Amino acid sequence: MAAVLELIAGSYEQITFGYRVKTEGNDWTAKPDFTHHAHTASVSAVAASERFVVTGSKDETIQLYDMKKRTEHGALLHHEGTITCLEFYGSSHLLSGGEDGLLCVWSTKKWECMTTIKAHKGHVTSLSVHPSGKLALSVGTDKTLRTWNLINGRSAFIKNIKQNAHIVRWSPDGDRYVVVVDDKIDIYKLETASVTGTITNPKRISSVKFLNNSVLAIAGDDETVRFCDVEKAKWVCEFKAHETRVKAVDSLIVDDYCVLLTASNDGYIKMWKLHLKEELEPPVLLGEVNTTARLTCLAVWRPSSVQPISDGPSKAATSEALSSELAQELAKKKRGRAITEKVIVEDERRPASFEDSVFHKLWT
C-alpha cells in the first residue's frame, strides 16, 4: 500500500512549496500540490503536524496552512525579529523560537499563545521537545544550553557551553541529545547531562536528523550527507547527495526501511531509500524534484499520526494524559507573560551529578 505524504520546503524567495509524493515501488514521483506566498521575507523555518503546516520567516510572522481544508489559516504575530525555529509536540502544541530570545508555546486548538518564556539573552537559535512533552531544550547566542520544564513553563537548568550553538536535537527515545556548534557535534546522555562523545564534520553543519536512536544524519556546507553512530561517536557512512551544499534533512519510516529527504541550494529535494542495518550502506535515490528555488528548510507532512522512530518501546512514550496535563498547566499562565525564574547554572568544567539534574527530578 502506498504511503501518503507531502514534501514541504521553504525558500529564500519567500515561497513555501508543497509536493504530493506518489510512493509506489522504488520510483517515487513528486508533483506540485501548492505554493504558499504569505511571507514578505525569506522562509527560515517549517514544521508539520498531522493537520497543519507552519512556516516562520524573517518577516517576524508564523504563517499557518490547514492541510485538511487546503487553505491558509492565518498568522501568528507574537515574535519580534526572525522566527528561527518551529517544532510541534504531537498535534496539540507548537513551540516557536526567535531572534527576540522568546520561546512561545501555542495551543493548536485555537492557536492561542499559552505561555511566553524569555529563553535567552540573545537569539533563540534552536529548540527541541523531549518525546515525553515534559522537557524542551534550547540554545541561543548567549552561549548557553537551557532546559525547560514544560509542565510549569519554568527554566530548570542552564549549561554554559562557551560557544553559540545553532542546533539542538533529542534522540527519538529521549535518552540522548546532540548540540551543534559550527562543525562540531557534542553528544550528551540524559542520565548524566554530560558529553559522552564529540564528532567533527569537515564543514559547518546546517541540519541534523536522528534516523533512529543510534544513527544521526548530518548535512553541512557541502554536497555530502554523513551518518554518525552516536553510541560510538564515530562516522559510519557518507554519500554525495547534491551538487551544492545541503541545507536541510528530514526522514520517515516506510515499511521496513528509512526514507531520507534532502534539500539543497541547487533547488532539488531528493528522496533516498536507506536500510538501517548494522553495516550502513549509502542510500539509493528514489526520486527527486527541482523547485528552481533556493531552498532554506524542509519538512514532511503525513495526514495521520506517525509512530516515532524508535529501536524499541520508549520509556518516554507520549500519551493523551500527558498532553492534557501540559495543556492544563500552561493554561494557568497569563497570555503573553514573560517568565523569568531563578535557575541552576552549571558550568561545563563541573558536570552536574544525575541526582542534582533536572532529569532526575522529572523521571524519578
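The tour goes from a sheet to aromatic rings and then to charges over rings.

This is a predicted model, where local features need pLDDT of at least 70, side-chain atom pairs count only at pLDDT 80 or more, and totals for chains, interfaces and linings use all residues. Residues are numbered from 1 along each chain as its sequence is written, and side-chain values use heavy atoms, with hydrogens and water left out.

**Stop 1: a sheet**

Select β4 to β7. These 4 strands form an open antiparallel sheet in the order β4-β5-β6-β7. Strands here are DSSP runs (E, at least two residues), numbered from the N terminus; two of them pair if DSSP finds at least two bridges between them. β4 (43-48) and β7 (71-76) are the edges: each has a single partner strand, so one side of each lacks a neighbour in the sheet. On average, neighbouring strands are turned by 20° against each other, direction ignored. The axes behind that angle are lines fitted to C-alpha atoms.

Now keep β5 (residues 52-57) and β6 (residues 62-66). They run antiparallel and are joined by 5 bridges. Pick Phe-52: its bridge partner in β6 is Asp-66.

**Stop 2**

Select residues 36-68. The end C-alpha atoms of 36-68 lie 15 Å apart, and the span is 0% helix and 55% strand.

**Stop 3: aromatic rings**

The structure holds 8 aromatic pairs. Rings of Phe, Tyr and Trp (its six-membered ring) pair if their centres lie within 6.5 Å; planes under 30 degrees apart count as stacked, over 60 as edge-to-face and the rest as tilted.

Show Phe-88 and Trp-111. They form an edge-to-face pair, 6.5 Å centre to centre, with 75° between the planes. Phe-88 is in strand β8 (residues 83-89) and Trp-111 in the loop between β10 (102-107) and β11 (112-118), 23 residues apart. Both are buried (under 20% relative accessible area, 1.4 Å probe, protein chains only).

Move to Tyr-177 and Tyr-188. Their ring centres are 4.8 Å apart and their planes at 10°, so this pair is stacked. Tyr-177 and Tyr-188 are both buried.

**Stop 4: charges over rings**

Select Arg-70 and Trp-301. The charged end of Arg-70 sits over the Trp-301 ring, 5.9 Å from its centre. The cut-offs are NZ of Lys or CZ of Arg within 6 Å of the ring centre and within 35 degrees of the ring normal. Finish at Lys-270, whose charged end sits over the ring of Tyr-268, 6.0 Å from its centre.

Methods. Axes are lines fitted to C-alpha atoms, for helices over the stretch in contact, and angles run from 0 to 180 degrees between N-to-C directions. Buried means under 20% relative accessible area, exposed over 50%, partly exposed in between (1.4 Å probe, protein chains only).
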